[in-house]
Amino acid sequence: MPLLSILFYLFATVLVVSAAMVVTIRNPVKAALFLVLSFFSAACIWMTLEAEFLSIALVLVYVGAVMVLFLFVVMMLDVDIERMREGFARNMPVGALVAGIMVVEFVVVMMSDRFDSQSLPRPVGHGPDYSNTKELGLVLYTDYVFAFEVAGLILLVAIIAAIVLTMRRRPDTRYQSPSEQVKVSKSERLRIVSMPTEKRPEINK
Amino acid sequence: MSWIGTIWDSLPLILQLGIKIGFIVGPLIIAVAYYTLAERKVIAYMHVRVGPNRVGPRGLLQPIADVLKLMFKEMIIPSKSDKYLFLIAPVLAVTPAFAAWAVIPFSGTLVLADIDAGLLYVLALTSMSVYGVIIAGWASNSKYAFLGAMRSAAQIVAYEIAMGFALVGVLMVAGSLNLNTIIQAQSGGLHQWFFLPLFPLFLVYLISGVAETNRAPFDVSEGESEIVAGFHVDYSGMGFAAFFLAEYANMLMISALTVILFLGGWNPPFDFPPFIWLPGVFWFLAKLSLVAFLFLWFRATFPRYRYDQIMRLGWKVFIPVTLIWIAVIGVFKFFTPFGVIFS
């Protein structure tokens, strides 16, 4: 077996096992950590597909930023496992139905001619000079520049909306304003009082 | 000498890579050990003290004594802690700190992996170093450790954005993500180095680097006067040593990256003899030591930032500064005749 296949099976196994652990493990913090592991394994698989930019972006964005915030929140929560398991029997049929529909959909899609091994061209391996980052940039900023700008705009709207929704100014919070602190002059803070000199008391007696 | 080459070529690739990795990690660990001694000595002299001078001549064997002490110390695992995560956390702290060195070019040819997306790789790995801290804080099951981990997580997420934007400026000017190409773009002497046209980004990167490694004055995640020792309060022996190793390896890493991105990497400061006679490795290590010295100088000089001040500096000062400078680079480069400054 070539090295690439060994690596693929290694990362794929880790990915599937950790993804299964995400939904089965009881501790929410560990579930989040397994999600990190599965993101990382997915990134490794992308790397073997010569998609190094996407792979590193996945690690950078999801592992490095999103999941850190996730963990931040999950660690603060005091999750009561018993209460979470209460509705299991009641929600089970709905969950099973949704899962069943998804499995059928997947099977239908994957069995179609489009995903047939005959109709899908074999991925072409590129030489060491091939730069996925450059290729992606060339396509993104020429052919798909409009879609790219629209996506940027949507994200900007989302950022502003998130800030507006969470920004609550409480009137009693006291803020420190560094610019005002820097602007302070001597005359505002310092008062020089002129007063007569104190007489030294006689202590020799 | 040819027989060494023949033996080398006959080795399997995995073994060749292993030996190369050993040649990077071995000196790195020694460098970290002596960096701790340098820190104690430098800070001591800045405090008008002598520093460690008992073990070996002028205290030169102190790091070895420290390592031996930490190795033979009992490692205590708190009974209420999460054992697996408690033991995995130091490993997760050390691994990214070492793995990032794979793409660092020590000279034009001396680099383990000369990959195209080197800059992204480094950024991704430094962003992963936060996991060691968070997991350690949570697995210890101690409020001080947890507070330290929470502080660290918020701080690293905040400063990573500023750091990433500073790197965007560099790659706009250099036009490449490959670290060696970035260094070659700075060849020709001191005035070609990127710290001049990118001076605001240089400062932002350096300060964010200090924050990212949880060093003074941004060491709130340890904050020994407030939360004992922060995230590693429950670690002893080798667990503690691993965090220590990771922290100093990360500091050297940030120093190396600052040198590569802003201070011309292995380029000599002047493009004429006698400066070009010295090899590139010398210049690289000399500049690296200079930046690494700054880390120690900061620690001896500045009092610790308050937490809200750290957040304000990261979000309200650094990120706007980097965004504005990126716009300045873009506008100057493509819409004005002064684009030469940024090329």
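1. Ground rules. This is a predicted model, so local features need pLDDT of at least 70 and side-chain atom pairs count only at pLDDT 80 or more, while totals for chains, interfaces and linings use all residues. Residues are numbered from 1 along each chain as its sequence is written, chains are lettered from A and ligands numbered from 1 in written order, and side-chain values use heavy atoms, with hydrogens and water left out.

2. The A/B interface. On chain B, 26 residues are in contact (heavy atoms within 4.5 Å) with 26 residues of chain A. The two chains bury about 2,200 Å² between them, 78% of it on carbon and sulfur atoms; buried area here is the accessible area (1.4 Å probe) lost on putting two parts together, summed over both. If you want residues to look at, Y131(B), W138(B) and M150(B) supply 26% of what chain B buries against chain A, more than any other three residues.

3. The salt bridge across it. A salt bridge here is a side-chain nitrogen of Lys or Arg within 4 Å of a carboxyl oxygen of Asp or Glu. Over all chains the count comes to seven, and between chain B and chain A it is one. That one pairs D82(B) with K30(A), the closest N and O atoms being 2.9 Å apart. K30(A) sits in helix α2 (residues 28-48) of chain A, and D82(B) in the loop between α3 (62-72) and α4 (83-99) of chain B. Helices are DSSP runs (H or I, at least four residues), numbered from the N terminus.

4. α10 against α11 in chain B. The axes of α10(B) (residues 237-262) and α11(B) (residues 280-301) come within 8 Å and cross at roughly 125°. Axes are lines fitted to C-alpha atoms over the stretch in contact, with angles from 0 to 180 degrees between N-to-C directions. The α10(B) residues that meet α11(B) include Y248(B), M251(B) and L252(B), and among their α11(B) counterparts are F284(B), K287(B) and R299(B). By class, this contact has 13 nonpolar, two polar and two charged residues. Nonpolar covers Ala, Val, Leu, Ile, Met, Phe, Trp, Tyr, Cys and Pro; charged covers Asp, Glu, Lys and Arg; the others, Gly among them, are polar.

5. α9 against α12 in chain B. The axes of α9(B) (residues 199-212) and α12(B) (residues 307-335) come within 9 Å and cross at roughly 145°. P200(B), L201(B), V204(B), I207(B) and S208(B) of α9(B) make the contact with F318(B), V321(B), T322(B), W325(B) and I329(B) of α12(B). The tally is eight nonpolar, two polar and no charged residues.

How values were computed
Helices (H or I, at least four residues) and strands (E, at least two) are DSSP runs, numbered from the N terminus.
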